[in-house]
Amino acid sequence: MNMELSIWRQCDRKQVIMRMAPLCLLFVFATSLSPAQAAPEGGAASAIRALEHEWAEGQSSRDNRALDLIFDNALVYVEYGRLVTKGDYLSRIKVAEPSASQIVMEVTTVRMFGDTAITVGTYYEKGISGNKAHPKRWRFVDTWVFKRGRWILVAAAAAPLTNS
Amino acid sequence: MRTLILAALLAYAGPLAGQAQRTPDSGSKIVALENVWNQAAQAKDLKALNALLDDAFIYVGPDGKMLTKAEVLADVQASYGIQVSSEDMVVHFHGDTAVITGIYRTRGVDHGKPFVRLDRFVDTWHYQNGGWKSIASLATPLGP
């Protein structure tokens, strides 16, 4: 069995972040401005970036209540090519086990479209099996919508960077 | 001829996309636009694609590569013999935003060998200036 694949089937991006925190592994969050076509970034972009952090922190502490507030009930989440519901996602977080995986968030760009925001970024992950690290990079696209006075995550997905 | 057909499809999709609020057939409107998109890509109808994609549109492909709208159009123009269809599409509405998921089935020939690949996609559409525009799209290899 491909151990790297096995690791990826067992955990996802945010779970990996969650597992990193107790291990005091590196977490870097870099930013850049959106292109001219989308609305310029402002307070909303900062708020969304903060929510991306809260997302990671909520999972690091297995705080499903906090995550419940961040995720829309109709959240569409694609992990490893599979479609996962909010319920599936939160249930798995509850039973997640520590892992020796490491992830580094590299770049996140926020593009504003009125009450909708698109975040695009990359992250680097090392799945550990035995004593060997299996590095892999992913690019993600998240969709946030401003609802009832706050930003809520409605969709998230990632694709493997094959030429990195 | 293909351009005329796509123009007719876009004309059909336009009125369909005229309401941002969710209605019983709202999902079919977005699905129709997705199908127009596929056909426009196959027909290399850049005018139709230009109408479907927001200027700030970004695309992330199954290899993780990110493309701007201009790069997508150039990629379509350079493509050859690719057939794309979408399956299992499900639409979620959030005010003037729609998120659609589904599976891309791509058929083509690579170095003389025919291939078929399946990818899961998530597309985000935004209602603006009287019509729907795609603002983001990601495709990733279909999982188990």
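Residue numbers start from 1 in each chain as its sequence is written, with chains lettered from A and ligands numbered from 1 in the order in which they are written. Since this is a prediction, local features need pLDDT of at least 70 and side-chain atom pairs count only at pLDDT 80 or more, while totals for chains, interfaces and linings use all residues.

**View 1. Confidence along the two chains.**
The model scores ipTM 0.85 and pTM 0.80. In chain A, helix 1 (residues 3–10) has the lowest confidence, a mean of 32, and strand 7 (residues 150–161) the highest, at 96. Residues 1–12 of chain A stay under 50, with 16 contacts beyond four places in sequence; a contact is a pair of C-beta atoms, placed from the backbone, within 7 Å. Residues 16–37 of chain A are also below 50, and that stretch has 46 contacts beyond near neighbours in sequence. For chain B the mean is 86, and 82% of its residues reach 70 or more. Residues 11–21 of chain B, though, are below 50 and have 16 contacts beyond near neighbours.

**View 2. What each chain is built from.**
Chain A has five helices and seven strands, running α-α-β-α-α-β-β-α-β-β-β-β from the N terminus. Chain B comes to four helices and six strands, in the order α-α-α-β-β-α-β-β-β-β. Of the 164 residues in chain A, 41% are buried, and of the 144 in chain B, 37% are. Buried takes 20 or more other C-beta atoms within 10 Å of a residue's own, exposed takes 12 or fewer, and partly exposed is in between, with C-beta atoms placed from the backbone.

**View 3. The largest nonpolar core.**
A nonpolar core is a set of buried Ala, Val, Leu, Ile, Met, Phe, Trp, Tyr and Cys residues joined through C-beta atoms within 7 Å. The largest one has 61 residues, and those with the most contacts inside it are Val141(A), Val154(A), Ala157(A), Leu52(B), Val122(B) and Leu138(B). Strand 7 of chain A supplies the largest share of this core, seven residues. Leaving out residues up to four places away in sequence, Leu52(B) touches Leu33(B), Val36(B), Trp37(B), Ala40(B), Lys133(B) and Ser134(B).

**View 4. The six-stranded sheet of chain B.**
The strands of this open sheet follow the order 2-1-6-5-4-3, with mixed pairing; strands pair if DSSP finds at least two bridges between them. Strand 2 (66–68) and strand 3 of chain B are at the edges with a single partner strand each, so one side of each has no neighbour in the sheet. Neighbouring strands are turned by 20° against each other on average, direction ignored. Helix 4 (residues 69–78) of chain B lies across strand 1 and strand 2 of chain B, at about 95° to strand 2. Axes are lines fitted to C-alpha atoms, for helices over the stretch in contact, and angles run from 0 to 180 degrees between N-to-C directions.

Gln83(B) stands opposite Arg107(B), and His94(B) has Thr97(B) as its bridge partner. Two residues lie between the strands, and Gly95(B) takes a positive phi near 65° in this hairpin.

**View 5. Two loop residues with positive phi.**
Arg148(A) sits in the loop between strand 6 (132–147) and strand 7 of chain A. Its phi is near 45°, positive in a residue other than glycine, and Arg148(A) is exposed, with 5 other C-beta atoms within 10 Å. In chain B, His111(B) lies in the loop between strand 4 and strand 5. The phi of His111(B) is near 50°, again a positive value in a residue other than glycine. His111(B) counts as exposed, with 5 C-beta neighbours inside 10 Å.

Notes. pLDDT is the predictor's confidence in each residue, from 0 to 100. Two residues are in contact if their C-beta atoms, placed from the backbone, lie within 7 Å.
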